[in-house]
Amino acid sequence: MKNTFPLVAKTMAGLEQVLAEELAQLGAENINVLHRAVSFEGDKELMYRANYCLRTALRILKPVSSFVARDEQMLYDKIFSVKWHEIFDISDTFAVDAVVSGKYFTHSQYAALKVKDAVADEFRSRLGARPSVDVENPNFRINIHIENDKVTLSYDSSGESLHKRGYRKAVDKAPVNEVLAAGLVKLTGWKYDCNFIDCMCGSGTIPIEAAMQALAIPAGYFRKNFGFQYWSDFDKKLWEKVQCEENDKIRDFDYCIYASDHSSKAVSIARSNIQNAHLSHDIILSKCDMQDVMPPESPGIMIINPPYGERLEEDDIVSLYRMIGDTLKKNFAGYQAWIISSDNRLLKLVGLKPSKKIEVYNGPLECRFVKFEVFKGTYKDMKSSQ
Ligand SMILES: C[S@@+](CC[C@H](N)C(=O)[O-])C[C@H]1O[C@@H](n2cnc3c(N)ncnc32)[C@H](O)[C@@H]1O
């Protein structure tokens, strides 16, 4: 790799190690696992590839400078001293994301506002006019990370968060973030060598992410834009080369992916998302209560994301988790069944002994991603037959 520079990929808590493995596979150098982020080094090509391929990254930041600031004025002055009018065009829109911690800065919104003012004022002082702010869909995103008095200024090469893959136009109740769904599939260790099933599929996020992995469809395949496309050094030829190389890796998958849900509304939303991802031939979708699902013969991997209690009466939620356990024992022998839930008490009602528990976060909600090896007969029988 030539002309490498530092980069930071942001992710969700619990997925850092998975992201580091993805980066290693892409050929990133000097990979370091941080909290909700992984730092690494790469060149422009790797930065484009990371944006296009990484399934468990939310955004890829390019740190460009770090400095000390202990109050808003110091922050403003440092940001004002950057020649922003040479970095992006006045006709571009921009936005500032800020994350602050420590004693000097306590309000991320306020820090972001100061940075935005300094950028706008720099343009005005040089060109007599300023670019517009667009918090929803800007062309140029600036990222400020402040830890005590250490400020890191980065350009956001992703633009819109990478979890916005482009296939999910509608969602039903409590959908998981696409990055979390991809991370869960990766955490199971599935090698695409058996069937995959989600029988509480909701909007279809988990089976869609599973299918994209099995078929090696790049995570950004359906996205229209990335932040780096608006940078003054954007290399269109290099970007096309990266896309061609990655698209050439798309392959067939010899097994099946099944998705079902007992709600007609969820199934209809999942159907349109699956169509948007061009996966109608790869995901077998049906409306079915989990207890009536007859899965294909084992081995297989199952992931479900049952409701955690919101909107359900206590009695209903207790019987739901008991039903999950009974159904696993009755119909899913030979499967590795994974359940994500924020409620440990409910997970115990499944009545099976977990063989693995992983801590992950669904937004701010601390969750357990728990593995059950479903076998015929008793646990003792299974152990003695090994
Ligand atoms: C938290 S949502 C799943 C969200 C999904 N992972 C997504 O990303 O959109 C839980 C889903 O379980 C479904 N569900 C609840 N009880 C069910 C049952 N007995 N059989 C099948 N589906 C059920 C609900 O209809 C709902 O869509």
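A crossing of two helices is left-handed if the near helix is turned anticlockwise from the far one by less than a right angle, and right-handed if the turn is clockwise. In the predicted model described here, the crossing of helix 2 and helix 8 is right-handed. The contact between the two is made by K44, E45, Y48, R49, Y52 and C53 on the side of helix 2, and by L238, W239, V242, Q243 and E246 on the side of helix 8. Sorted by class, the residues of this contact comprise six nonpolar, one polar and four charged.

Two packed helices are described by the angle between their axes and the distance between the axes. For helix 2, which spans residues 44-53, and helix 8, which spans residues 236-247, the axes come within 10 Å and cross at roughly 50 degrees. Helix 2 and helix 8 are therefore oblique to each other.

To the contact between them, domain 1 contributes nine residues and domain 2 contributes eleven residues. The side of domain 1 that touches domain 2 is made up of five nonpolar, three polar and one charged residues.

The ligand has 21 residues around it, of which P175, M200, G202, S203 and T205 come nearest. In terms of residue class, eleven nonpolar, six polar and four charged residues form the shell around the ligand.

Notes:
Residues are numbered from 1 along each chain as its sequence is written. This is a predicted model: local features need pLDDT of at least 70, side-chain atom pairs count only at pLDDT 80 or more; totals for chains, interfaces and linings use all residues. Axes are lines fitted to C-alpha atoms, for helices over the stretch in contact, and angles run from 0 to 180 degrees between N-to-C directions. Helices (H or I, at least four residues) and strands (E, at least two) are DSSP runs, numbered from the N terminus. Angles under 35 degrees count as roughly parallel, over 145 as roughly antiparallel, 65 to 115 as roughly perpendicular and the rest as oblique. Two residues are in contact if their C-beta atoms, placed from the backbone, lie within 7 Å. Ala, Val, Leu, Ile, Met, Phe, Trp, Tyr, Cys and Pro count as nonpolar, Asp, Glu, Lys and Arg as charged, and the others, Gly among them, as polar. A residue is near a molecule or strand if its C-beta atom, placed from the backbone, lies within 6 Å of it.
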